[in-house]
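Welcome! Take a moment to look over the sequence and the fold, and then let's walk through a few of their features together.

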Amino acid sequence: MALEIAGKTALVTGGASGICREFVKKLVAGGCNVTIADLNSGPEDNGAGETAQTSQSPGQTMFVQTDVTNWDELQNAFDKTIERFGRLDIVCPGAGVFEPPFSNFWHFNKGTDTNASSSFKTLDINVTHPIRATQLAIDAFQRQKLNHGVVVHVSSVAAQAAVLPAPIYAASKHAVSGFVRSLADLERSLNIRVNAVAPGRVKTPLWTADKLEWVDEDAEPWVTTEKVAQTMLDLVTKPEHVGGTVLEVGVDVVRSVQELNDPGPQGRGHAATNVAAAVKNVYGLIEENFGV
C-alpha cells in the first residue's frame, strides 16, 4: 500500500528538530499538512507554531506543544490535528532521546529515574510513546474509514548492536524494530502500513558533547538528516516497502534489515571508533554509583 502525500495530513512527534524536522519539510513540500507535536516549536515556525502556506511549501503546519510521555497531551495532538485539518493519514512517533544524564542506566538514581518515579524516562519516550502513538493512529485510521494509514517509526542501527555506554537506548531501539515487525500483517488485513527507518550516526542535537567524543569526525562521515528523511518518505510512498519493513540508512547504503541472520550494518556512517573511552568511563560510573 503506497500512499501519495499530496492532500494528506501527518502528525510528527519530535518534528521541531533533527531528522523529524527534515521529514516535516519533505511532507509539506509534497503538499501534506503536518502537525508538529513537540515540547518546543522549531526555529522555522517563528515562535508562533504555524507556517503559512506558500507556493514553495504547499502544505501547512501546526505546532501543538506536547510532552509525548503524557498520554493526555499525546491524545490532544491527535485531536487537534483532525480538528484543524479534517483528517489524519500518516503518523511518525519520532520523538526520542539518546540516553541523556537524567535518564541513563549508569547514572544510578541521579536523574528522573528514581524510586519515586518508578520508571525509566528514556523508555517512556523511546518505547512507550511510539507504542501508544501507534494505538492512537490505528484508532484514528479506523474511525475515519479511509481504508489506509501509515505509521513510520524511528529505530536505529543500535537495534543491531550491543552499546555498553547506552544500554537503555539500545534496548529501546531493539524494542521499536521488534514492535514494527510484529505489526507487519496490518497492511495485508487493514491497509495500515507500520514500518521503520534505522539510521546510522546522524548529527542531531541528540549527539551531545560527551557523545561526540565517541566519534572521529574527520575520519567518520555522518549520515545526513536529508537522506534519512527521504527514506522515511519512501517508506510512505513506495509500494515495495510493505508493513514490517525496517530500512537501515547509512552514508552509502539503504537496505532492508532482516529479522533473522542479518549481517549487521553495511557501509559507512555507523562506526564510533572512539567509543572505547566511553566504555572505560562506564566502569568509573559503576565504581562511583553502584554498591556504595
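Keep in mind that this is a predicted model. Let's begin with two neighbouring strands: β6 (residues 149–154) and β7 pair in the parallel sense, and six bridges link them.

- Is β7 buried or exposed? Eight of the eight residues of this strand (192–199) are buried, so β7 is largely enclosed by the rest of the structure.
- Ile 192, Val 194, Ala 196 and Ala 198 point one way from β7, while Arg 193, Asn 195, Val 197 and Pro 199 point the other way, and all are buried.

- Helix α2 (residues 71–85) packs against helix α3 (residues 121–144) at an angle of about 35°, and their axes are 11 Å apart.
- Their crossing is right-handed.
- From α2, the residues Trp 71, Leu 74, Gln 75, Phe 78 and Ile 82 meet a set in α3 that includes Thr 128, Arg 132, Leu 136 and Ala 140.
- Sorted by class, this contact has eight nonpolar, three polar and one charged residues.

- In soluble globular proteins, nonpolar side chains tend to be buried together.
- The largest nonpolar core in this model has 32 residues, and Phe 23, Leu 27, Val 34 and Met 232 have the most contacts inside it.
- Elements that each supply at least two residues of this core include β1 (9–13), α1 (18–29), β6, α7 (225–237) and β8.
- Which residues does Met 232 touch, not counting those up to four places away in sequence? They are Ile 19, Phe 23, Cys 92, Val 152, Val 154 and Val 197.

**A closer look at Thr 112**
- You will find Thr 112 in the loop between β5 and α3.
- Thr 112 is partly exposed, because its relative accessible area is 37%.
- Leaving out residues up to four places away in sequence, Thr 112 touches Phe 102, Ser 103, Ser 117 and Lys 121.
- Thr 112 and Val 163 are 51 residues apart along the chain, and 21 Å separates their C-alpha atoms.

Terms used
Residues numbered from 1 in each chain as written. Predicted model: local features only at pLDDT ≥ 70, side-chain atom pairs only at ≥ 80, totals over all residues. Heavy atoms only, no water. Buried < 20%, exposed > 50% of the residue type's maximum accessible area, 1.4 Å probe, protein only. Helix = DSSP H or I, 4+ residues; strand = E, 2+ residues; numbered from the N terminus. Pairing = 2+ DSSP bridges. Axes fitted to C-alpha atoms, helices over the stretch in contact; angles between N-to-C directions. Left-handed = near helix turned anticlockwise from the far one by under 90°. Contact = heavy atoms within 4.5 Å. Nonpolar A, V, L, I, M, F, W, Y, C, P; charged D, E, K, R; others polar. Core = buried A, V, L, I, M, F, W, Y, C linked by side-chain atoms within 4.5 Å.
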